[in-house]
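Morning, everyone. I have one model to go through, so please look at the screen while I talk.

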Amino acid sequence: MSRVVKRKAWACIVAIGLAAAGGSVVRAQAGGAAAQTPATVAAPQESADQFVPMKSLPQEDQLPAAPLLVAAYAFVWVALLVYVWSIWRRLTKVEREIQQLSSRLSESASRH
Amino acid sequence: MSKLYSILVLVAMVLFAVAPAIVARTPVETTMGVVQKIFYYHVPSAMVMFIAAFVCGVASAVYLFRGRPGADRLAAAAAELTVVFGLIVLVTGPLWARKSWGVWWQWDARLTSTLLMWMIFVACLMVRRFGGPGAEKLSAAMALFGMANVPFVYISVNIWRTLHPSTAVIPKLPGGMRGPFWFCVLSFMLLFGLLLALRMRLEERRADVERLYLVADHE
């Protein structure tokens with residue numbers, strides 16, 4: 001086995017050993033802390049194992065409807081107005097182009 | 001623009017201005033509350049989206065198989081309106097859903113199929129814009145597939161289990177809701193007709209520009 005490979009193998013063994021040692025220290029401390037929990041601290045609650053539905057949501061938890069309703073109507077109006085404006089803008093541009101072309105054609109026709 | 005068109009525009013604006021006042025007086029729905037009133041704009045927009053998609057598909061078929069340029073102009077106008085009204089549906093729906101279902105979006109049959117149909121028509125517009133020569137025919141072919149989606153989107157709520165209300169809701173609307181709903185439908189249909197005519201005028205003027213360029217090139 002080459003020297004580099006040997007060094008790497010030792011480094012791995014040391015790292016694994018340190019990790020194991022650290023884990024056992026942490027576990028020991030947690031066990032000690034649990035054993036030393038003072039009587040005045042309340043025991044942690046157990047995690048929920050079922051959902052209990054409510055019959056109706058309290059007022060403070062309900063989503064207000066008015067902003068959504070207003071937003072919907074406002075969006076419709078704005079979208080339609082923007083669309084009409086965009087057609088008007090494109091139509092104006094095309095009409096201007098037609099006028100320019102027509103005047104150019106009539107100029108060249110009058111020259112001939 | 002003709003006098004009749006101006007009168008119809010005025011009528012549409014009045015209908016639209018009056019609609020919120022009428023909707024405010026409608027009864028509040030028992031389970032959903034005030035947010036259900038989004039229904040009076042959401043459903044008519046969806047109806048117009050379907051009609052626009054259908055018009056686009058039929059016009060595209062006429063253009064593909066008969067080669068009529070007028071049909072292509074109508075298809076272009078209808079595709080744009082499908083995207084606009086589809087966007088309205090896809091925004092007002094989640095605003096309603098946030099309160100009713102507790103979520104902005106669900107990947108259920110109705111919502112997903114509507115989004116896909118909308119994306120097909122967005123793709124049609126992009127192909128027209130960036131596709132180069134022959135893009136009109138490609139866009140027309142895509143619009144046929146977009147139109148084929150319409151019946152699937154409509155019946156999706158009846159076939160698959162979905163959070164979205166079924167099509168049976170509209171025929172069973174109580175009296176206080178029925179009148180305002182059909183008033184809003186009428187407003188949106190009139191608006192669709194006017195916007196379609198206006199958008200077609202733009203396409204016609206663009207065709208005039210191309211004709212003038214051809215004449216100018218020959219000279």
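24 residues of chain A are in contact with 29 residues of chain B, where contact is defined as two C-beta atoms, placed from the backbone, lying within 7 Å. On the chain A side, the residues that touch chain B come out as 18 nonpolar, two polar and four charged. Here Ala, Val, Leu, Ile, Met, Phe, Trp, Tyr, Cys and Pro count as nonpolar, Asp, Glu, Lys and Arg as charged, and the others, Gly among them, as polar.

A word on the source. This is a predicted model, in which local features need pLDDT of at least 70 and side-chain atom pairs count only at pLDDT 80 or more, while totals for chains, interfaces and linings use all residues. Residues are numbered from 1 along each chain as its sequence is written, with chains lettered from A and ligands numbered from 1 in the order in which they are written.

Now chain B. Chain B has six helices and zero strands; helices (H or I, at least four residues) and strands (E, at least two) are DSSP runs, numbered from the N terminus. Its C-alpha atoms fill a box of roughly 70 × 40 × 25 Å along the principal axes. Of the 219 residues in chain B, 38% are buried, meaning 20 or more other C-beta atoms within 10 Å of the residue's own, with 12 or fewer counting as exposed, anything in between as partly exposed, and C-beta atoms placed from the backbone.

Take α2(B). End to end, α2(B) reaches 40 Å between its first and last C-alpha, close to the 40 Å expected at 1.5 Å a residue; the expected span is 1.5 Å times one less than the number of residues. Just after α2(B) comes B:Gly67, with a positive phi of about 75 degrees.

Next, α4(B). Its buried residues include B:Trp118, B:Phe121 and B:Arg128. What covers the buried residues of α4(B) includes α2, α3 and α5 of chain B. B:Gly132 follows α4(B), and its phi is positive, near 75 degrees.

Last, how do α3(B) and α5(B) pack, and at what angle? The angle is about 60 degrees, with the axes 11 Å apart; axes are lines fitted to C-alpha atoms, for helices over the stretch in contact, and angles run from 0 to 180 degrees between N-to-C directions. The contact is made by B:Asp72, B:Ala75 and B:Ala79 of α3(B) with B:Glu136, B:Ala140 and B:Ala143 of α5(B). By class, that is four nonpolar, no polar and two charged residues.
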